[in-house]
Amino acid sequence: MQASTSQAGVTAVPATPSGGLAAQPLEFLAFTLGQEEYGVDIQKVQELRGYDAVTRIANAPEHIKGVVNLRGIIVPIIDMRIKFNLGTPTYDQFTVVIILNIASRVMGMVVDSVSDVITLSPEQIKPAPEMGAVLDADYLIGLGTLDDRMLILVDLEKLMTSEDMGLVAQAASAAEN
């Protein structure tokens with residue numbers, strides 16, 4: 001008897017010898033940063049919001065824009081363009097804050113725009129190549145391909161629980177005090 005394995009909130013379902021039960025398709029919210037299209041697990045997305053002014057936190061890293069009060073919850077806001085070193089961000093009517101719920105923490109991720117939800121089968125997700133200084137491959141699930149589109153699939157669990165994101169928790173707690 002085979003057991004299911006779970007990684008980053010995605011459950012892999014083993015195929016039966018007869019080929020009956022296959023791995024389930026996954027859904028990703030597609031968004032842009034600069035010229036590239038990225039995707040995050042739709043199950044981690046709580047809501048989408050326009051970019052509003054944030055309250056800056058003293059001594060916070062540049063990519064932590066600050067915090068907002070979202071229905072009584074202090075939510076740290078991270079600018080992904082700054083985090084991934086993709087140039088100077090611009091904030092306009094297309095700028096979106098993706099509110100995420102990761103490991104029982106709520107946080108916001110500023111992106112240039114959101115396009116749609118894409119369903120990918122496991123066969124459409126290829127391993128991520130080493131991308132050097134642009135984006136640490138440890139934070140990637142892989143590259144998703146759909147027709148002529150390619151999405152860089154970000155592992156939010158690893159990215160948002162990484163060491164430097166521990167500063168996000170510090171910023172949120174500083175704002176609450």
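User: Is Arg149 buried, partly exposed or exposed, and what is its relative accessible area?

Analyst: This is a predicted model, and what follows is computed from it. Buried means under 20% relative accessible area and exposed means over 50%, with partly exposed in between. Arg149 falls in the middle class, so the answer is partly exposed, with a relative accessible area of 22%.

User: With which residue does Arg149 form a salt bridge, and how many residues apart in sequence are the parts that this pair ties together?

Analyst: The partner of Arg149 in the salt bridge is Glu37, and the closest N and O atoms of the two are 2.4 Å apart.

User: In which order do the six strands of the open sheet lie, and which are the edge strands?

Analyst: The six strands follow one another as β10-β3-β4-β13-β12-β11, with mixed pairing. Strand β3 (residues 26–33) runs antiparallel to β10 and is joined to it by six bridges, and one of the facing pairs is Leu26 with its bridge partner Leu120 in β10. Two strands pair on one side only, and these edge strands are β10 (113–120) and β11 (125–126).

User: Which strands stand at the edges of the five-stranded open sheet, and why is one side of each left without a neighbour?

Analyst: This open sheet has the order β5-β8-β9-β7-β6, again with mixed pairing. Its twist averages 30 degrees from one strand to the next. Each edge strand has a single partner strand, so one side of each is left without a neighbour in the sheet, and the strands in question are β5 (45–50) and β6.

User: Is Arg71 buried or exposed, and which residues are linked with Arg71 in a network of salt bridges?

Analyst: With a relative accessible area of 61%, Arg71 is exposed. Arg71 forms a salt bridge with Glu47, the closest N and O atoms being 2.4 Å apart. Glu47 lies in strand β5 and Arg71 in the loop between β6 and β7, so this pair ties together parts that are 24 residues apart in sequence. The network that includes Arg71 also links Glu47, Arg49 and Asp52.

User: Which side chain of opposite charge is nearest to Lys65, and how far away is it?

Analyst: Lys65 is found in strand β6 (residues 64–70), a strand that is mostly covered, with five of its seven residues buried. Beyond its neighbours within four places in sequence, the contacts of Lys65 include Tyr51, Val54, Ile77 and Tyr91. A salt bridge requires a nitrogen and an oxygen within 4 Å. Lys65 is buried yet has no salt bridge, and the nearest side chain of opposite charge is Asp79, 5.0 Å away.

User: Which residue forms a salt bridge with Arg81, and how many salt bridges does the structure hold?

Analyst: Arg81 lies in helix α1 (residues 80–83), and its partner lies in the loop between β9 (105–111) and β10, 31 residues apart. Arg81 counts as buried at 13% relative accessibility, and Asp112 likewise counts as buried, at 18%. The closest N and O atoms of this salt bridge are 2.9 Å apart, and the partner of Arg81 is Asp112; the structure holds salt bridges to the number of seven.

Technical notes
Residues are numbered from 1 along each chain as its sequence is written. This is a predicted model: local features need pLDDT of at least 70, side-chain atom pairs count only at pLDDT 80 or more; totals for chains, interfaces and linings use all residues. Side-chain values use heavy atoms; hydrogens and water are left out. Two strands pair if DSSP finds at least two bridges between them. Helices (H or I, at least four residues) and strands (E, at least two) are DSSP runs, numbered from the N terminus. Buried means under 20% relative accessible area, exposed over 50%, partly exposed in between (1.4 Å probe, protein chains only). Lys and Arg count as positive and Asp and Glu as negative; His and the chain ends are not counted. Contact means heavy atoms within 4.5 Å. Axes are lines fitted to C-alpha atoms, for helices over the stretch in contact, and angles run from 0 to 180 degrees between N-to-C directions.
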